[in-house]
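Please look at the sequence and the model shown here.

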Amino acid sequence: MSSDLAVHRRLGYLLKHAQLRLAELAEPLYAPLGITGRQLALLTLFGDGPALSQQEGAARLGIDRTTMVALVDELEDKELVRREVAPGDRRKRLVTLTAEGERVRVTGEEVTRQAEGALLAPLGEGDAERLRAALHRVVRGE
């Protein structure tokens, strides 16, 4: 990539291409687990803390409910999650990880750290942590 083009200095371009590079590094590591990065995001969401409904999960990830249902269907077909009726509300379905879903989540998070480490290796540890912290503040609007 030639860095003399003005577009290569634009923040949107840099963020997009950093994310694409991370996906290039991570997706081959997810393949042996039988999942994609998007599916791992759902396993991480539903495996972190108390059970959430599909609607709550969709809201936290900023995706529409129809997309969430399709993604949960994929994970359910792989026997990585199950839907359970919420206590006290028969209309609400909670998504929980199966034992295999938890194993895949843990392994997926490990390989994600490997891919992130490879992406950030040129920065060194201190700069990598500062970049993470800065991006976290930007995303939260602080």
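## A pair of helices and the chain around it

In this predicted model, α2 and α4 are roughly perpendicular to each other, a label for angles of 65 to 115 degrees. Their axes come within 10 Å and cross at roughly 90 degrees. Helices are DSSP runs (H or I, at least four residues), strands are runs of E (at least two), and both are numbered from the N terminus.

| Helix | Residues | Residues in the contact (heavy atoms within 4.5 Å) |
|---|---|---|
| α2 | residues 37–47 | R38, Q39, L42, L43 and F46 |
| α4 | residues 65–77 | T67, M68, L71, V72, E74 and L75 |

The residues of this contact divide into seven nonpolar, two polar and two charged.

The protein chain has six helices and three strands, in the order α-α-β-α-α-β-β-α-α from the N terminus. Its C-alpha atoms fill a box of roughly 60 × 35 × 25 Å along the principal axes. Of the 142 residues, 27% are buried (under 20% relative accessible area, 1.4 Å probe, protein chains only).

The UniProt record, an unreviewed entry, places "domain: HTH marR-type" at residues 8–140; such annotations may be inferred rather than shown by experiment. That span is 68% helix and 13% strand, and its end C-alpha atoms lie 25 Å apart.

Residues are numbered from 1 along each chain as its sequence is written, and side-chain values use heavy atoms, with hydrogens and water left out. Local features need pLDDT of at least 70, side-chain atom pairs count only at pLDDT 80 or more, and totals for chains, interfaces and linings use all residues.

Note on methods. Axes fitted to C-alpha atoms, helices over the stretch in contact; angles between N-to-C directions. Parallel < 35°, antiparallel > 145°, perpendicular 65-115°, else oblique. Nonpolar A, V, L, I, M, F, W, Y, C, P; charged D, E, K, R; others polar. Buried < 20%, exposed > 50% of the residue type's maximum accessible area, 1.4 Å probe, protein only.
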